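Welcome, and thank you for taking a look at this chain. Let us walk through it together, one part at a time.

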Amino acid sequence: MKDHFTMDAPQPRLLDEMKQGVIGTPMDRPDGPQKVSGTAGYAADHTTENMVHGVLVRATITRGRVRQIDKSSVEAIDGVIDVITDARMIRNPAQGMAGSAPVQPGDAVHYHGQPIAVVVAETFEAARDAAQRLAVHYETEEAAVTPETSTDVETGEPETAGDFEAAWSGSEVTVDKTYTTGAHAAAAMEPHAAIAEWKDGAVTLRSALQMVRFNKKELADTLGIDPSNVRILAPFIGGGFGSKLGLGPEAAAAAIAAEKLGRPVRVVMTRQNVFDTVLRRSETSQRVRFGATKAGKITAIAHDDRVSNIDGEGFAEPVTQASQFLYGADGLSFTQTLARIATTPAGSVRAPGEAVGMLAFEAALDELAEKLGIDPVQLRLDNLPETHPMDGRPYSARRLADCLKDGAERFGWADRGAPGSRREGDWQIGMGVASAARANMLIKSSSRVRLTGNRAIVETDMTDIGTGTYAILAQIAAEALGLDPSHVEVRLGDSDLPGASGSGGSFGANSAGSATFLAAKKIRARIAEALGCAEDSLTLQNGLARGDNREAALTDLVTEEFLEEATVKAGKTSESHFSSGFGAHFAEVAVHEWTGEVRVRRMLGVMSMGRILNEKTARSQAIGGMIWGIGSALTEEMQSDPRDGHVVTRDLANYHVPAHADVPGQMQVVFLEERDDYANPIQTKGIGELGISGAGGAILNAIAHATGRRVYDYPATPDRVL
Ligand code: MOS
């Protein structure tokens, strides 16, 4: 029944042959009515009999040890049941794909705000009161909280191609600039929450998590139990953006407390908790060097960065990811430095790497274009490499040149005029461009399809974090089986279902979508067999099976359930070819001459991101990404107190994500038709993160075009723009 498929050869475009007209259409989300009517159950919505409430107690020192927790300090509070400390409590959120949680046993404190205990009470209010009043005695240690003051700094080996130094010294025109970007919060709308309940030695955890298959293993490892005794339920998730990739401290605390007390425990983070405790994107410092000939051929590229994390965490923001494959040069060099600091741990936040790396990289390229006197669109077009500049792999599908040209045409790029030449009253107007790129991935993923009559069920532990998974998996199964999409039920977010990729790295649709397609394809084979026709002559339409002059309604043909499961894995095609989404972002801004206020007036993203599965959810993803671009270019920065590292931007008033008033009415997204035969069996590419990658760069370049001045420290707040 179960079938493994490894991506070892270019794949036939079978989805194009089905011709049902379901794939690609802007179908509404089947889960939409539940979401807008408040009947979609998010983790914290669940209540169960006998449930008690846990609130995390968080360290109020920067680094050191917990010497003593004085439980008597809260015993008098009505309703308090217990103060639980346990070596298995997670100090840092996991990274999801690591597959096991970074449990840090013992009493060490690594940052201000780190969870050190959980208070459990009959009511949330009592638990919160006790968590705030609990007397904790510490031993404190000195710790650096900024990369500049850190004494634990390590620089990795450079990643190179060709001879950068020789190419750099031979360059006729050079740009050598250093940029900084602020730390970012994922700031998902739904705060992190978990409810744990034990029965007969097994735990069920309802939590907001992106990668259920991995999270199950993380929880089992944390608790020291067999994964078969863990069930995770995450049917609805209110945004993740990386912050829910891995099991969080609230989930581990709920499970540990529920086990100890023998009652279901709910732990919900406040917004402030989320900012303090859930991973951040590292701030960065980036030196970018471009060398070129006077004629505009890029000869040398170097992108060196410094990022930070707390002690012992493996993750380092992959800043130069896209810089390594966008443009060609004789010599390329990329070096990363990691500084250890004591503040909220760093991890994956949407488009880890590109989201900040491309801000600097695409801005430096714009500066090179200006220096050369070459149009920035043309400079990019002139320097697209034949193959991956670092390893020589051919690109599987790359319509970057088309995106740049098409975008320039649609945006009216030719009329943009000289820098600083356009104004309306006190407003200076400018246009900017940046390339978009985000590597495309396929992760092992399984899916099960059941067909009875003309109704199908798709089952996988894949998640829908707001991206539209419920819609696209229904569309894939409907397309492949010739069904109306309303006849396909999609069940997600339950670890008892076949293990999927989860949602992360924009690989969810590729991976879970391919597995669903392959399972549906196996069902097609069974239908052909039942009908008595050859599989390749079978057509399925409106619940009718036809082939080799035979015809039958599925309701007559499939009277007993057909059940098939399939697994897709990456394989040789990712070694032979390099797959990435590409695009071009264009932005027009108005900069106020006296206040430095920047208003984004319009944005256009032209993207080639493989087959579009759902025109509506894909567009929403792309626009959402571009709005992230506005945030990272102009407003978003997590700030910590330079004395003790505690996060001071702890809510959505202080951490400013773009609101409606910050987003222009004209946010246009154009998809260029594309099939990537080397990516996966359904020829798709990741969408969510491509929208953000480069988008902020276009805004920064537009500011430079408007004012004639460049900003090197981001976000480009008014004080920095003036
Ligand atoms: Mo994404 S940052 O891999 O959820």
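This is a predicted model: local features need pLDDT of at least 70, side-chain atom pairs count only at pLDDT 80 or more; totals for chains, interfaces and linings use all residues.

In general, the strands of a sheet pair through backbone hydrogen bonds, in either a parallel or an antiparallel way.

Now let us turn to the helices, with α17 (residues 695-707) as our guide. Helix α8 (residues 354-372) packs against α17 at an angle of about 40°, and their axes are 8 Å apart. Because of that angle, α8 counts as oblique to α17. The crossing of these two helices is right-handed. On the α8 side the contact is made by Met 358, Leu 359, Glu 362, Ala 363 and Asp 366, while α17 brings Gly 696, Gly 697, Leu 700, Asn 701 and Ala 704. Sorted by class, the residues of this contact are 5 nonpolar, 3 polar and 2 charged.

A further helix, α15 (residues 615-635), also meets α17: their axes come within 7 Å and cross at roughly 50°. That angle is why α15 is described as oblique to α17, and this crossing is right-handed. Among the α15 residues that take part are Trp 628, Ile 630 and Leu 634, and they belong to a group that meets Ala 695, Gly 696, Ile 699 and Leu 700 of α17. The contact of α15 with α17 holds 8 nonpolar and 4 polar residues, and no charged ones.

Finally, how is the chain divided into domains? Domain 1 covers 2-40 + 442-569, and domain 2 covers 353-441 + 576-721. Taken over C-alpha atoms, the centres of domain 1 and domain 2 are separated by 34 Å. Their contact draws 29 residues from domain 1 and 25 residues from domain 2. On the domain 1 side, α11 (469-481) and α12 (508-531) are the elements that give two or more residues, and α12 gives the most, with 6 residues. By class, this side of domain 1 has 16 nonpolar, 11 polar and 2 charged residues.

Key
Residues are numbered from 1 along each chain as its sequence is written. Axes are lines fitted to C-alpha atoms, for helices over the stretch in contact, and angles run from 0 to 180 degrees between N-to-C directions. Helices (H or I, at least four residues) and strands (E, at least two) are DSSP runs, numbered from the N terminus. Angles under 35 degrees count as roughly parallel, over 145 as roughly antiparallel, 65 to 115 as roughly perpendicular and the rest as oblique. A crossing is left-handed if the near helix is turned anticlockwise from the far one by less than a right angle, and right-handed if clockwise. Two residues are in contact if their C-beta atoms, placed from the backbone, lie within 7 Å. Ala, Val, Leu, Ile, Met, Phe, Trp, Tyr, Cys and Pro count as nonpolar, Asp, Glu, Lys and Arg as charged, and the others, Gly among them, as polar. Domain bounds come from an automatic or database domain assignment.
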